[in-house]
Amino acid sequence: MIALTKTLVKTVAEPEQLENIDLLNSKRANFLQEVIEGLEDGILILSPTGEVVHSNASANRLCCQFNQDNFNPNFVPPAIWNLCESLLSSRYLFSDKLLILSDEIVLDKSNIFRIRVRLLDLDGFEVPCLLVTIENQYESVKNVALTEVKKFDLTPREAEIWFLYRSNYSYKEIAMKLYITINTVKKHMKNIHTKRQANLSDN
């Protein structure tokens with residue numbers, strides 16, 4: 001009789017534990033969803049046939065930009081899908097290795113995107129999906145340049161010049177963009193390199 005009572009008490013407690021587990025899983029799923037939505041990089045999950053399983057807000061915005069402002073949440077830009085097809089066709093050649101293919105989409109000098117594609121095995125899916133990440137190279141360089149501005153203690157003008165230089169602008173292009181002479185650009189770049197060398201020798 002005691003054993004039966006213990007069993008009944010345990011059985012009564014189980015649904016409460018399941019609710020706690022479901023609540024925890026739900027909170028975790030919501031947290032991950034918020035993290036993915038908050039990323040600056042675009043995240044696309046595609047089926048092997050090119051259907052969009054999931055895309056975050058950045059991916060939607062970038063794909064719209066790649067499609068010349070024609071927004072279609074289920075249309076994958078050809079440059080991205082071509083990379084996905086290359087991965088799918090070559091995965092059997094390297095079946096024992098994690099294969100990641102990458103390419104660039106260049107719209108203009110300040111809109112260069114690094115596209116990476118890899119296979120993703122997800123629970124509940126019969127076939128692997130494709131995980132596509134879209135990184136704005138310009139924004140990445142900008143973030144690195146901002147860190148370097150502080151690290152090298154650059155002046156506001158040096159910071160402007162350094163950012164453009166890190167974004168692959170030539171001295172001539174920097175001069176034109178900032179309405180200064182090439183000699184002024186060279187003078188600032190010399191000062192920047194001196195500060196960089198001083199920082200490197202301190203570390």
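This is a predicted model: local features need pLDDT of at least 70, side-chain atom pairs count only at pLDDT 80 or more; totals for chains, interfaces and linings use all residues.
Which residues in α6 meet Ile182, Val185, Lys186 and Met189 in α7?

Residues are numbered from 1 along each chain as its sequence is written, and side-chain values use heavy atoms, with hydrogens and water left out. Helices (H or I, at least four residues) and strands (E, at least two) are DSSP runs, numbered from the N terminus.

Back to the question. On the α6 side, the residues are Tyr171, Lys172, Ile174 and Ala175, where contact means heavy atoms within 4.5 Å. The contact divides into 6 nonpolar residues, no polar ones and 2 charged. Here Ala, Val, Leu, Ile, Met, Phe, Trp, Tyr, Cys and Pro count as nonpolar, Asp, Glu, Lys and Arg as charged, and the others, Gly among them, as polar.

How do these helices cross? The axes of α6 (residues 171-178) and α7 come within 8 Å, at a crossing angle of roughly 110 degrees. Axes are lines fitted to C-alpha atoms, for helices over the stretch in contact, and angles run from 0 to 180 degrees between N-to-C directions. The two helices are therefore roughly perpendicular, a label for 65 to 115 degrees.

Now to α4, residues 137-152.

Which residues of α4 are buried? They are Tyr138, Ala145, Glu148, Val149 and Phe152, with buried meaning under 20% relative accessible area, exposed over 50%, and partly exposed in between (1.4 Å probe, protein chains only). Down the axis of α4, they fall within an arc of 105 degrees, so they line one face of the helix; the arc is that of the directions from the helix axis to the C-beta atoms. Their cover includes β4 (111-120), β5 (129-136), α5 (156-166) and α7 (182-202). Turned away from that buried side are the exposed Leu146, Thr147 and Lys150.

Just after α4 comes Asp153, with a positive phi of about 55 degrees; Asp153 sits in the loop between α4 and α5 and counts as exposed at 60% relative accessibility. Asn168, in the loop between α5 and α6, has a positive phi of about 70 degrees although it is not a glycine. Asn168 is exposed too, at 61%.

Note on methods:
Angles under 35 degrees count as roughly parallel, over 145 as roughly antiparallel, 65 to 115 as roughly perpendicular and the rest as oblique.
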